Amino acid sequence: MIAIIDYGVGNVGSIQNMLKKIGHPESIITKNPDEINDADKIILPGVGAFDAGMQKINESGLLDVLNKKALSDKIPLLGICLGMQLLTNGSEEGKIKGLGWIDAVTAKFDFKAENSNLKIPHMGWNEVKVSKQHPLTADLPEPSRFYFVHSYYVKCRDKNDELLSCRYGIDFTCSVQHENIMGVQFHAEKSHKFGMQLLKNFAEL
Amino acid sequence: MPCLLYYKRGLYKTIKFKNPSYVGDPINAIKIYNEKEVDELIFLDISASVEKREPDYKMITDIATECFMPLCYGGGISDTEQIKKIFGIGVEKISINSSAIDNPGLISEAASSFGSQAVIVSIDVKKSFWGKYEVMKGRGSKSIGYDPVSFAKKMEDAGAGEILLTSVDREGTWEGYDIDLLKQVTSAVRIPVIVNGGAGSISHFEEAKKKGHASGLAIGSMAVYQKKGMGVLINFPGRPELEKILS
């Protein structure tokens, strides 16, 4: 059973619907620690700012069960968008610590120096590049496009943790993986056939 | 991208903003678009502002939950609290029409709070009896005394991230986009312009892209009917076909 964590950051119904559509009707949207404890996979969604999201996780009382599932039970866990950023040690300008499951920091896009007119947030469809082979990104069509909405991006300390990269002004990591912990910066649930393939891969890990 | 019109709890298609005819259930249509590699969907509640009511959040939630592609919602938006609520539901962009005319300050507020990319201003344009383009309000019923070029520039200055430019005269006609109107607006603003109203064939897309410099192409009738004058068929042109023409 896949638990989609509901810690109060927007509508995650489309993730559950996409899972249903690709043949995995058994997922639940939950903030119940017991249900999360019973899950064999976890999706951590999220939109918005790092500090606000992390604060909500801290206040949700779910930190212990999430740490247990991620670090001791080592079940597959996928962070989506802000959910991926929360996997890092923290954001460069935020004050609150991240989950620290991926050795990385979250940084804000800064295009002022380059004198560019790229907009923040980065919003739109972008092609991604595969950095290393992994079942999560298996069978993705070449090229694959995903839909992004974000102002922050993840900087891995260890390049080996990068699964996919993307270019928006700079090359940045748009998917991470370290052992059982995975993350995607894009909204897989809004990326129709590409998102379906990726979520299918995750559901079948 | 499909541009769907919601009216009286169903999907409707109009001709020149009039004679709404029922084309089906919105959720069902979205489920079909989910299969078709649609990269964005515009969903407009065309009765909200006219009836002076707030957006129907329950309906927007149902739509957003079913939609496996980025969603733009428009209809009845008049303040930032509503906008916040709509983004919270899982909608990626909002489209503002009536309130952009009545209260351009809302565009600036929305752009600074949520990013200009998430804020589309929808402009309805009609040719007057004298052949002059005029921006219209109230579902194309009343001229606001602005020409589309100055109004589009004003909206760009206010912080709009994108313009949805609809020709009232072409809407639902299958006769092709108004390329002249499109050219006037795209050459006056730097922000992307989505052209809407009149698409009836793939060749109209090419024209709008190459001659009119449209950034996005909205389709209404083509997305819900088989052909002009024929029955309802929720559909979308295949990607290979589109790529061949638009690349």
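Leaving aside its neighbours within four places in sequence, with which residues is A:Val128 in contact? They are A:Ser144, A:Phe146, A:Leu164, A:Ser165, A:Cys166 and A:Cys174, where contact means that the C-beta atoms of two residues, placed from the backbone, lie within 7 Å. The model is a predicted one, in which local features need pLDDT of at least 70 and side-chain atom pairs count only at pLDDT 80 or more, while totals for chains, interfaces and linings use all residues. Residues are numbered from 1 along each chain as its sequence is written, and chains are lettered from A and ligands numbered from 1 in the order in which they are written.

A:Val128 belongs to strand β6 of chain A; helices (H or I, at least four residues) and strands (E, at least two) are DSSP runs, numbered from the N terminus. A:Val128 is buried, with 23 other C-beta atoms within 10 Å. The cut-offs are 20 or more such atoms for buried, 12 or fewer for exposed, and partly exposed in between. A separation of 9.3 Å lies between the C-alpha atoms of A:Val128 and A:Ser175, which are 47 residues apart along the chain.

Helix α6 of chain A, residues 192-203, has twelve residues. From first C-alpha to last it reaches 16 Å, close to the expected 16 Å, the expectation being 1.5 Å times one less than the number of residues. Its buried residues are A:His192, A:Phe194, A:Gly195, A:Leu198, A:Leu199 and A:Phe202. They cover an arc of only 160 degrees around the axis, so they sit on the same side of α6(A); the arc is taken from the directions from the helix axis to the C-beta atoms. What covers them includes α1, β4, β7 and β11 of chain A, together with α1 of chain B.

The axes of α1(A) and α6(A) come within 10 Å and cross at roughly 80 degrees. The two helices are therefore roughly perpendicular to each other, a class that runs from 65 to 115 degrees. A:Met18, A:Leu19 and A:Lys21 of α1(A) make the contact with A:Gly195, A:Met196, A:Leu199 and A:Ala203 of α6(A).

Between the chains, 17 residues of chain A are in contact with 19 residues of chain B. On the side of chain A that touches chain B, α1, β6, β7 and α6 each supply at least two residues.

Notes:
Axes are lines fitted to C-alpha atoms, for helices over the stretch in contact, and angles run from 0 to 180 degrees between N-to-C directions. Angles under 35 degrees count as roughly parallel, over 145 as roughly antiparallel, 65 to 115 as roughly perpendicular and the rest as oblique.
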